[in-house]
Amino acid sequence: GMPATGRIAVVTGATSGIGAATARRLAADGAVVAAVGRREARLRSLADENERILPVTGDVTDPDGMRRIADQVHERLGRADLVVANAGTMLAAPWAAADVDEWRRMIDTNLVGLLWTGRVFIDDLLAAAAEGRRADLVHIGSVGGHQVFPNFAVYDATKAAIEHLTRHLRVELGPRGVRVRTVEPGLVQTELGDDMVFPGSREALAELRRSVANPLSDVDVAEVIAWSASAPPHVNVAELVVVPVSQG
Ligand code: NDP
């Protein structure tokens with residue numbers, strides 16, 4: 001059947017990679033999906049694939065903009081009951097040579113943006129839970145949140161913070177019926193890191209990617225996200241680590 005029929009989803013970072021695959025998957029499963037990201041043309045072509053996808057251009061680091069996005073979702077779709085905070089940026093540099101603006105970009109996007117995404121939809125999720133329906137807040141972390149990779153200190157720190165913050169939110173929101181979880185992927189073949197500027201960082205990432213045979217695809221991670229949201233209402237798959245077998 002269609003496991004997400006009747007659900008109203010929001011996916012941030014839906015212009016590429018895991019977010020785009022998740023929007024596609026949830027829409028194919030019957031949900032209506034607000035797809036959020038900055039690259040408008042990408043969102044438009046994604047929405048052309050499935051009439052259940054609504055393109056919503058926006059930047060997760062803009063708090064007022066995110067409030068307007070929530071208003072738009074309410075007007076066009078209704079109250080969200082499945083929020084996937086996926087938007088993220090990964091920049092790498094040796095710590096001793098790193099740039100404070102790059103740190104801020106990662107912290108603003110991966111951490112503050114993720115938190116605020118949940119915050120602007122929390123009343124929706126609480127309302128769904130109060131009606132006895134599934135209410136999911138999914139945070140995309142990373143194995144970088146519990147392993148360490150040289151030159152990724154601040155990126156990995158944002159992901160570690162996501163894990164710990166998610167545990168806090170679970171304690172606050174679980175008793176009110178909201179299922180808060182992290183999905184923590186290993187290496188996934190996406191555009192992540194394509195915008196790194198530190199000399200040699202893109203080559204180092206390409207080398208890391210080559211070292212892992214059969215990396216995950218964005219679709220693999222989307223499947224896991226969709227599956228976790230389809231669990232029975234009283235079940236929360238709280239922390240999911242998903243890695244390519246060869247990554248060990
Ligand atoms: P992509 O680069 O393909 O996707 C990142 C998405 O985030 C894009 O849609 C981008 O859209 C969006 N985004 C970035 N900044 C903003 C912003 N300020 N506001 C709104 N959207 C934003 O990479 P992935 O699919 O790999 O990344 C998705 C998530 O998965 C990230 O959180 C990443 O950290 C995590 N992850 C990825 C792994 C991998 O190996 N690829 C491993 C572990 C975790 P746009 O630029 O159009 O705004």
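**Reading loops, cores and helix contacts**

A: Let us begin with a loop: N214 lies in the loop between helix 7 (201-211) and helix 8 (218-229). Please bear in mind that this is a predicted model.

Q: Is N214 buried or exposed?

A: N214 is exposed, because 11 other C-beta atoms lie within 10 Å and a residue with 12 or fewer counts as exposed.

Q: Where is N151 found, and is N151 buried or exposed?

A: N151 is in the loop between strand 5 (136-140) and helix 6. N151 has 20 other C-beta atoms within 10 Å and is therefore buried, the cut-off for that class being 20 or more.

Q: How does one read a pair of packed helices?

A: Two packed helices are described by the angle between their axes and the distance between the axes. Here, the axes of helix 4 (residues 100-120) and helix 6 (residues 153-173) come within 9 Å and cross at roughly 15°. Helix 4 is therefore roughly parallel to helix 6, as angles under 35 degrees are classed in this way. The crossing of these two helices is right-handed.

Q: Which residues make the contact between helix 4 and helix 6?

A: From helix 4, the residues include W103, M106 and I107, and from helix 6 they include V154, Y155 and T158. By type, the residues of this contact divide into 11 nonpolar, 2 polar and 1 charged.

Q: Which residues of the largest nonpolar core touch the most other members?

A: That core has 57 residues, and those touching the most other members are A9, V10, A23, V33, A35 and V83. Helix 1 (residues 17-28) gives the most to the core, with 6 residues. Apart from residues up to four places away in sequence, V10 touches A34, V36, V73, A80, V83, V84 and F121. There is also a second, separate core of 11 residues, which includes M90, A93, Y155 and L192.

Q: What does T22 contact, leaving aside its neighbours within four places in sequence?

A: T22, which belongs to helix 1, is in contact with V11, V84, N86, A222 and I225. T22 counts as buried because it has 32 C-beta neighbours inside 10 Å.

How values were computed
Residues are numbered from 1 along each chain as its sequence is written. This is a predicted model: local features need pLDDT of at least 70, side-chain atom pairs count only at pLDDT 80 or more; totals for chains, interfaces and linings use all residues. A nonpolar core is a set of buried Ala, Val, Leu, Ile, Met, Phe, Trp, Tyr and Cys residues joined through C-beta atoms within 7 Å. Helices (H or I, at least four residues) and strands (E, at least two) are DSSP runs, numbered from the N terminus. Two residues are in contact if their C-beta atoms, placed from the backbone, lie within 7 Å. Axes are lines fitted to C-alpha atoms, for helices over the stretch in contact, and angles run from 0 to 180 degrees between N-to-C directions. Angles under 35 degrees count as roughly parallel, over 145 as roughly antiparallel, 65 to 115 as roughly perpendicular and the rest as oblique. A crossing is left-handed if the near helix is turned anticlockwise from the far one by less than a right angle, and right-handed if clockwise. Ala, Val, Leu, Ile, Met, Phe, Trp, Tyr, Cys and Pro count as nonpolar, Asp, Glu, Lys and Arg as charged, and the others, Gly among them, as polar.
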